[in-house]
Amino acid sequence: MDVQRSLGRIRTQMGGMERMMRILRAEVEGHIAAIAPAELDSYCDIETGLGQLFAEARPLAPVSVEPYKHFAKGVWMGLDTENGDCGATVSMKALHGGMGGNGRGVARLSVNPVFPMAVKPGWVTLETAVSLEALKRAAGLRIDTVSFFDIAAGNSAQIPRSVTLNLRLHRQGGKVTDHLNYRIPVSTMPFEHSARIGPAAMEELSLGDVTEALLILELPLAGTYTLKLDHFAVLALDEG
């Protein structure tokens, strides 16, 4: 129990340091933009379900989610219903309220998949809708996350070293393409990660025939763990 308390304190401190770094980076970028705006890429928020959830930072009581049914606006779990009989519980703890004078809140989203059978499911995903209109206007893209995995002491399953974040594009005619393939380490301490799509790669996405855009985080398919997500934001590189 003392070890768990110590780990909890360390995680809290690490999470606070990550938040302070984001605040400091924003302040430094603000100063640079005022002095030499041409030297700094200009990013603005792209609306996503997860981004809105973190901006509002409202508490969410633990709920057993149903596959592909929104547990918050624009946010849901993808679960393989044919193999493994897996489920998942999600909750959100608000650490500081959002949508007030200082904008974004501070919160932690917890995602706890459950695997009652030895057979692995084909997939377990955390998914969010992305504003297609804003995506098509963007010259580039940056996806920022802060996360860690709370792995139970008695866990005996092999958990991979990383999970994958993909941008899924649904196109006219029923075609689906996946992009990004960004690996996020399965760390037991909170760290910030940024996936980027530059202007050249954005052009290669050929967004003209896209009808829906999703960001999909593919979670481990076995084990006793909880994903702790402390921050999620999608930013667009301004064209100008």
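A: Begin with confidence, since this is a predicted model. The average pLDDT of the protein is 85, and 77% of the residues score at least 70. Residues 36-40 have a pLDDT below 50, and beyond near neighbours in sequence this stretch has four contacts in the model.

Q: How many salt bridges are there?

A: A salt bridge is read from a distance: a side-chain nitrogen of Lys or Arg has to lie within 4 Å of a carboxyl oxygen of Asp or Glu. By this rule there are seven salt bridges. One of them joins Glu 66 and Lys 69, with the closest N and O atoms 3.4 Å apart. Glu 66 is partly exposed, at 47% relative accessibility.

Q: What separates Glu 133 and Arg 137 along helix 3?

A: About one helical turn, because the two residues are four apart in helix 3, which covers residues 132-137. Glu 133 and Arg 137 form a salt bridge, and their closest N and O atoms are 3.2 Å apart. Glu 133 counts as exposed, because its relative accessibility is 59% and the cut-off for exposed is over 50%.

Q: Which residue forms a salt bridge with Asp 178?

A: Arg 168 does, with the closest N and O atoms 2.7 Å apart. Asp 178 lies in strand 9 and Arg 168 in strand 8 (residues 162-171), so this pair ties together parts that are ten residues apart in sequence. Asp 178 is partly exposed, with a relative accessible area of 40%, and Arg 168 is partly exposed at 26%.

Q: Where is Ser 110 placed, and is Ser 110 buried or exposed?

A: Ser 110 sits in strand 5, which covers residues 106-114. Ser 110 counts as buried because its relative accessibility is 11%, and the cut-off for buried is under 20%.

Q: What does Ser 110 touch?

A: Leaving out residues up to four places away in sequence, Ser 110 touches Thr 89, Val 90, Ser 91, Thr 226, Leu 227 and Lys 228. With Lys 228 there is also a polar contact: the two side chains meet at 3.2 Å.

Q: How should I read a phi angle?

A: Ala 57 is one case, with phi near 55°. Ala 57 is found in the loop between helix 2 (49-56) and strand 2 (60-64). With a relative accessible area of 3%, Ala 57 is buried.

Q: Where is Asn 181 found, and what is its phi?

A: Asn 181 is in strand 9, residues 176-185. Its phi is near 50°, a positive value in a residue other than glycine. Asn 181 is partly exposed, at 46% relative accessibility.

Q: How many disulfides are counted?

A: The test is again a distance, with two cysteine sulfur atoms required to be within 2.5 Å. The count is zero disulfides. Cysteines can still be read for accessibility. Cys 44 is partly exposed, with a relative accessible area of 33%, whereas Cys 86 is buried, with a relative accessible area of 11%.

Key:
Residues are numbered from 1 along each chain as its sequence is written. This is a predicted model: local features need pLDDT of at least 70, side-chain atom pairs count only at pLDDT 80 or more; totals for chains, interfaces and linings use all residues. Side-chain values use heavy atoms; hydrogens and water are left out. Buried means under 20% relative accessible area, exposed over 50%, partly exposed in between (1.4 Å probe, protein chains only). A polar contact is a pair of N or O atoms within 3.5 Å; within protein, one must be able to donate a hydrogen and the other to accept it, and residues adjacent in sequence count only if both atoms are side-chain atoms. Contact means heavy atoms within 4.5 Å. pLDDT is the predictor's confidence in each residue, from 0 to 100.
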